[in-house]
Amino acid sequence: MNDLTSPVFSPATDPVSSAASAAARLRARYRQDVPAPAAWNETLDLLLSHRSVRAYLPDALPEGALDALVAAAQSAASSSNLQAWSLIAVEDKARKARLAALAGGQKHIEEAPLLLVWLVDLNRLGSIAEAQQQPAGALEYFDSFLLGAVDAALAAQNAFVALESLGLGGVYIGALRNKPLEVAAELGLPPNVFALFGLVVGRPDPARPADVKPRLPSQAVFFREQYGFGEAGLLDVEAYNKRFRSFQLEQGLPEQDWTTQAGNRVRNVAALNGREVLREALHRLGFGLK
Ligand SMILES: Cc1cc2nc3c(=O)[nH]c(=O)nc-3n(C[C@H](O)[C@H](O)[C@H](O)COP(=O)(O)O)c2cc1C
């Protein structure tokens, strides 16, 4: 049972690559009929089927899955090929429980067998420069931090797509940034290494399925040539709120508008849940951020 080719490891999506599938996936993503693109394949089918999973079976991951995810992550593009990221796999129950507590008590971290923690890692580049007796002054600048964050995010998303292709589920855990110093201590991070976010991985519990969460109409986020402040860029947010509320209701979540959720999330400093001290914490972790 524990091998990547076993039947339990079927992809999350039905094996379809037709126009009908494209239309169905797009309808699920936008909750309205949108013209299906002429180009379609199983990769697009998988990407459009994404949903965050917050209910897991306790089963261990199949043998070899983690290695496959790491190789997928390392196959992402990397700025100047600096590969300024690292990854820690946390499987120890007690450590997962402590990290779950630091992330606001998110139960799915404890429920799933694996928590991947994606790190901005400028330490390795610094050490390499030091070994070569070279300065590494560029690492002191904000762009180097941003470069590592972009690299880590791209690697993580490759792993996310890979795990979904194996029939597994995942959810990112940005809440690890609520307590950056405590998380760094728990993971034994050296200077110039920062836990950007977690990614919970496990087998989705079929008894508690997650559905595809509708997104804003593409016209709200996608412009041609210049930013769309014009008429075409105006967003019918009420129509989206309606579709979003239906999703919430179906999922047994509070029947809330997207605009209310988004507004609450950006309202004030309290909404940052501790992340307001992030720059100071990053300085303490060794980052220059000049
Ligand atoms: C960087 C990042 C951090 C996130 N942090 C959390 C988190 O701490 N807890 C959680 O339950 N979901 C978290 N999420 C998942 C989002 O809530 C989710 O992606 C979003 O609501 C869209 O839903 P979907 O992924 O099912 O399409 C995070 C997502 C991203 C990209």
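## Asp 45 in helix 2

Asp 45 sits in helix 2, residues 42-48 (helices are DSSP runs of H or I with at least four residues, numbered from the N terminus). This is a predicted model, where local features need pLDDT of at least 70 and side-chain atom pairs count only at pLDDT 80 or more, while totals for chains, interfaces and linings use all residues. Residues are numbered from 1 along each chain as its sequence is written, and side-chain values use heavy atoms, leaving out hydrogens and water.

Is Asp 45 buried or exposed? With 1% relative accessibility, Asp 45 counts as buried (under 20% relative accessible area, with a 1.4 Å probe and protein chains only). Its side chain also makes a polar contact with the side chain of Trp 40, at 3.3 Å (a pair of N or O atoms within 3.5 Å, one able to donate a hydrogen and the other to accept it; residues adjacent in sequence count only if both atoms are side-chain atoms).

## Helix 4 against helix 8

Helix 4 (residues 93-102) and helix 8 (residues 180-187) have axes that come within 10 Å and cross at roughly 170° (axes are lines fitted to C-alpha atoms over the stretch in contact, with angles from 0 to 180 degrees between N-to-C directions). So helix 4 runs roughly antiparallel to helix 8 (the word covers angles over 145 degrees).

Who meets whom here? Arg 95, Arg 98, Leu 99 and Leu 102 from helix 4 meet Glu 182, Val 183, Glu 186 and Leu 187 from helix 8.

## Helix 3 against helix 7

Over at helix 3 (residues 65-74) and helix 7 (residues 142-165), the axes come within 7 Å and cross at roughly 135°.

Technical notes
Helix = DSSP H or I, 4+ residues; strand = E, 2+ residues; numbered from the N terminus. Buried < 20%, exposed > 50% of the residue type's maximum accessible area, 1.4 Å probe, protein only. Parallel < 35°, antiparallel > 145°, perpendicular 65-115°, else oblique. Contact = heavy atoms within 4.5 Å.
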